[in-house]
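Let's take a walk through this one together.

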Amino acid sequence: MKVGAAEIEEVALGAAVLGTGGGGDPFIGKLLALDAVAKYGPVEMIQPEEVDDEGLVIPPALMGAPTVMVEKIPNGDESVGALRALENKLERKAVAITPIEQGGLNSQIPIAVAAKVGLPMTDCDSMGRAFPELQMTSFHLHGISATPMAMGDEKGNLLILETIDNVWTERLARTATVQMGGVALIAIYPMTGAQLKKACVKGSVTLSMDIGRAIQSARRKGENPIDDVVRLMKSKILFRGKITDLLRRTTGGFSRGEGKMQGLDEYKDQSLVVEFQNENLVAVRDGKVVASVPDLISILDLESGLAITTESLRYGNRVVVIGSPCNEVWRTPQALAAVGPRYFGYDVDYVPVEKLGS
Amino acid sequence: MTLRVGIDVGGTHTDAVILDNQNRIIGAEKVDTTEDVSTGISDALDLVLNRSSVDRREITAAMFGTTHCTNAIVERKRLAHVGLIRIGKPATVGIPPLHSLPPDLRRAIGDTWAIVAGGHEFDGREIWQFDEGATTEAAERFRSEGVEAVAICSVFSPVNATHERRAEALVSEVMGDAPMTLSHEIGSIGLLERENASALNCALVDVANTAIAGFQESVKKASLTSAKVFLTQNDGTLMSVDYARKYPIRTIASGPTNSMRGAAFLTSLNDGIIVDIGGTTTLVGAIVHGFPRESGVAVEIGGARTNFRMPDLVAVSCGGGTQVEVREGEPPRIGPQSVGFKITKDSYAWGGRTLTTTDIALGLGYAEIDDPNCSADRVKDAFSQAAMSAAMERIVGIFEDSVDKMKTSADPVPVVLVGGGGIIIPGDYYARLRGISKVVRPDHFQYANAIGATISQASGEVDGIYDLDKMTREEAVAKAKEAAITDAVSAGADPSTVEVVETEELPLSYLPGTAIRIRAKAVGKLLI
């Protein structure tokens, strides 16, 4: 199918929900993608099965601070520059573009790149949500190397990284990103079509479009989209309430915080706390954990159903909190060691959201 | 004895009130808003001055709250031709300036812009050397194209405004004393939103001058020889004429804020919920430390995304003129249609055929209106007690729900009820409202807007990013507070009375803990 202006709007809305509070506000990414398809035509979206086993597939993305992204907007050439630099290093040309993170603004970057270079984009990603670190991908769990990797900035700097493992990739790339001004456009995890088919999280672009379309349709009718979103993501409603307290502090380069909420409607006498670090990570209702990472915890505006990023949370916001099961790939012991609550520093053992108290 | 007069121009009415220096209400009058706005202002002034018989020479200040600027943007009328210079190459080129404005608004302000090299990183380092030649060239092109006002927006100028100031100097060499807006004085982080806000600020330059001239003229006509003119701004505080000329965009949204601050003032309630019931809509807001709680979402003005702080408001389609539909075997439906202020023609009690919320209050005997044309019997004869009671329960339920939305804790809160439509929540219900500790309906509730405009405070606000490599957190907070105080003084506050009322710290995600965003607000007594 073709991904054009209408689909870009849908993806932006849906990816904001999948972003679980992180991944950055898709707005800027959306404008860049809209601009690209307006100039170069819509993008062909294909299923991973359709990619040639031997073909080269490259995920493009933005890494860095969303705050910087809304201020130092990209010039639009950086990500193609990184893609070309990686292709030159590999002495091969890509046959397809794949998203790496379908939560937040990285849902838009692959569309813009695919439009500009005239390649198809696959209906998949490597997370099914947003995660903060480069090694937190299904690609990594399947043993695919993140490097060789290219990083570019708006000034024209290009870096090629080759590291001994993907954790080193995150460390070195993160430092370079800060020096580049807090944001870098990257081309990373080069892989074959065969590797993509085994390692990817399937159908995530379609899911984000379905969520986006449900939100748009409900809003047009003046209805609340929450029920449709819950159905599409197989979620549970964890809470309805108002934000009564927000605490934020910075430790080790990532902002950590918590939002406290007082209940509304059927949650009237209850309270909920969401612990976050860019993404929402643990939800505790009246002292009991009701959801934790890698499951998806999304905070949506009570009236409109639109997702709220952790940066945008404000005292007094009226919200609904939903918990959705993550992709199966995150539920193995190996994966949980990399992305479970303990990795993020919370003394909580992961239990799938569908099994936690109702 | 010094007196102040406050005038609020609303959609339907223009109100004028006179307060003395003990903040006692000496006079309050209301006239219909006129199309040219100024006539209504003069009429309201004349009426309140004559009826109160004050000595006009004792009036030292005239405060104006108006919708001139909001209307101009929303209607796309009387906007100046703006030239925008964005300083940010090689970055930012991916999204052209003004691109995110609605096309008709972009056209209405001339769609004239340039992008030049320069701008800063989040930590204040230069992205690129500032291009003076390109800036001068842009200014020359602007001048030849008839640009009237220039907005300058540089990447991360809230952190480092050096390039904006250098550009200002170059542009004034070419364009003389054409009004200019430097974005770091208007908005905070968010390039597109700050650009939009700066461009709109420039676009309002003629509207602001016309409005101010009109106010000064009406003050002269009314022989208020000692009165200085002030305008109300977004948070309900006031600004001097000079400050208003520089920042006309700060008058947007002052209407609802004035009414909330007026309500708080009338009841001495610094923390609570304000419910303003109008003819068609009810607006619910929260007062925290005497100021309206601000909304967290990006604010749209006339469809343009900006990064202004506006009051957090819930609007409900239920006012004094809202239609009630009695349905057999089903709960009654309230609104959203309303007869508005045509209530004295269309409502049942006035002989019309539309059942309104006011009719319900009258029909149940909860209220009386002193008007020979109004008779509660007309309602009682047409509707059963049961039907009217069911409608009243529903109306009260809507009221309770909307207050609940604004509360941030489970504890019952005090509510101040203002607005002409307050009659629809009967006094008999005050003691038993869900989640509400008490309802206060102050005298002069229908003048809350104008009164809010007359509370003489001026404020300043700053929202910047501070580099913790260069200073400690305490030093950064102190700098932010100082900047807020300076801003309050330039708005017109008496320096000896200025206090910082609020600070907020937001660490920036994904950056090594060295950058912190601090917002600070300072308020002081207006220096008259």
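**A sheet in chain A**

Start with one residue: Ala150(A) sits across from Ala187(A), which belongs to strand 10 of chain A. Keep in mind that you're looking at a predicted model.

What order do the four strands of the open sheet in chain A follow? They go 4-10-8-9, with antiparallel pairing. At the edges you'll find strand 4 (60-64) and strand 9 (158-161) of chain A, each with a pairing on one side only. On average, neighbouring strands of this sheet are turned by 30° against each other, direction ignored.

What packs on this sheet? Look for helix 4 (residues 78-90) of chain A, which touches strand 4, strand 8, strand 9 and strand 10 of chain A. The direction of helix 4 makes about 150° with that of strand 8 of chain A.

Over to chain B, which splits into domain 1 (1-77 + 206-252), domain 2 (80-203), domain 3 (316-446) and domain 4 (459-525). Take domain 1 and domain 2 of chain B: their C-alpha centres are 33 Å apart. Where they meet, six residues of domain 1 contact eight residues of domain 2. On the domain 1 side, that's four nonpolar residues, two charged and no polar.

And the confidence? Chain B has a mean pLDDT of 89, with 97% of its residues at 70 or more. For the complex, the predictor gives an ipTM of 0.88 and a pTM of 0.85.

Technical notes:
Residues are numbered from 1 along each chain as its sequence is written. Chains are lettered from A and ligands numbered from 1 in the order in which they are written. This is a predicted model: local features need pLDDT of at least 70, side-chain atom pairs count only at pLDDT 80 or more; totals for chains, interfaces and linings use all residues. Domain bounds come from an automatic or database domain assignment. Two residues are in contact if their C-beta atoms, placed from the backbone, lie within 7 Å. Ala, Val, Leu, Ile, Met, Phe, Trp, Tyr, Cys and Pro count as nonpolar, Asp, Glu, Lys and Arg as charged, and the others, Gly among them, as polar. pLDDT is the predictor's confidence in each residue, from 0 to 100. Two strands pair if DSSP finds at least two bridges between them. Helices (H or I, at least four residues) and strands (E, at least two) are DSSP runs, numbered from the N terminus. Axes are lines fitted to C-alpha atoms, for helices over the stretch in contact, and angles run from 0 to 180 degrees between N-to-C directions.
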